[in-house]
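New page in my notebook. I'm going through one structure step by step and jotting down what I look up.

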Amino acid sequence: MNTLPAILVNYRLNNTTVFRASWTNSIARPNYYDLVPYRQIFQEDNEIEIGNPDLNPTTSMNIDLMAEKYFRSVGIISGGLFYKDINDFIVGLTRFDYEFEGHTYDVFVQPINGGSATIFGAEISFQRQFDFLPGAWKGIGLYLNYTWANSSVDDFLVPGREGEDLSLPGSAEHTGNGSLSYEYKGFNTVSYTHLTL
């Protein structure tokens, strides 16, 4: 059993402005397949992939601060800061020319708990239906989102790479999303763009 305490606070400055703060704890359990003690051997390539029944779930303590400004018609602009303290994140460990149970494999792959990490970042978003425009132009809608995140691994547990200055595996420093929609008199269309750097 896992206990995940949380504190959520909302402050409404007026009818269109809201400030939010939260302290939460979350958990992400390993993929079931990764927990199975399986062995998949590719004899032609002399490779092996094995499961890891000893994987711990990834836990995270999160702090979020957010401000939201709602338009009087459909739409919102928001921005905020976030911080995450992560433990036992999971990575795929790859070893080359690795001896396992009396046989040396060219490639050995196994999911492991990689250590702990922190993430600090900021996010802004904008969503607006341009219903203040005349005629058919009022059907235009726009959504934009941008996130900046700076991550750091505190104690990378991959053998031979301890002490390296690394960002959290799989994390991106810059992420952006955007979509343009149109809805007018029964006609609907949406375009979407995603950017990760």
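In what order do the elements of the chain run from the N terminus on? I read off β-β-α-β-β-β-β-β-β-β-β. That comes to one helix and 10 strands. Both are DSSP runs numbered from the N terminus, where a helix (H or I) needs at least four residues and a strand (E) at least two.

A note on what I'm using: this is a predicted model, where local features need pLDDT of at least 70, side-chain atom pairs count only at pLDDT 80 or more, and totals for chains, interfaces and linings use all residues. Residues are numbered from 1 along each chain as its sequence is written, and side-chain values use heavy atoms, with hydrogens and water left out.

**Overall shape**

I looked up the radius of gyration, which is taken over C-alpha atoms. The chain has 23 Å, while a compact globule of 197 residues would be near 16 Å. The globule rule is 2.2 Å times the number of residues to the power 0.38. The C-alpha trace spans about 75 × 40 × 35 Å along its principal axes. I also noted that 30% of the 197 residues count as buried. Buried means under 20% relative accessible area, exposed over 50%, and partly exposed in between, with a 1.4 Å probe and protein chains only.

**Salt bridges**

How many salt bridges does a search of the whole structure find? I got three. The cut-off is a side-chain nitrogen of Lys or Arg within 4 Å of a carboxyl oxygen of Asp or Glu.

- E68 and R20 meet at 3.1 Å, N to O. This pair links distant parts of the chain, with E68 in strand 5 (residues 58-70) and R20 in strand 2 (residues 17-28), 48 residues apart. E68 is buried at 13% relative accessible area, whereas R20 is partly exposed at 29%.
- E101 pairs with R39, and their closest N and O atoms are 2.4 Å apart. E101 sits in the loop between strand 6 (75-100) and strand 7 (103-129), and R39 is in strand 3 (residues 39-42), 62 residues apart. Both E101 and R39 are exposed.
- D131 pairs with R128 at 3.6 Å between the closest N and O atoms. D131 is partly exposed at 31%, but R128 is buried at 14%.

**The largest pocket**

Next I checked for pockets on a 1 Å grid over the protein atoms alone. A pocket is an open set of points where a 1.4 Å probe fits, with protein on both sides within 12 Å along at least five of seven lines; lining residues have an atom within 4 Å of a point. The largest one has a volume of about 170 Å³, meaning the space filled by probe spheres set on the points. Its lining includes S26, R29, D34, T58 and F89. Strands 2, 5 and 6 each supply at least two lining residues.

Which way do strand 8 (residues 140-153) and strand 9 (residues 174-184) pair? They're antiparallel, over nine bridges; DSSP has to find at least two for strands to count as paired. Strand 9 also pairs with strand 10 (residues 187-196) in the antiparallel sense, over 10 bridges.

I followed S179 of strand 9: Y143 stands opposite S179, and in strand 10 its bridge partner is Y192. I also found G178 opposite T193 in strand 10. Strands 9 and 10 form a hairpin with two residues between them, and K185 in the turn has a positive phi of about 50°.
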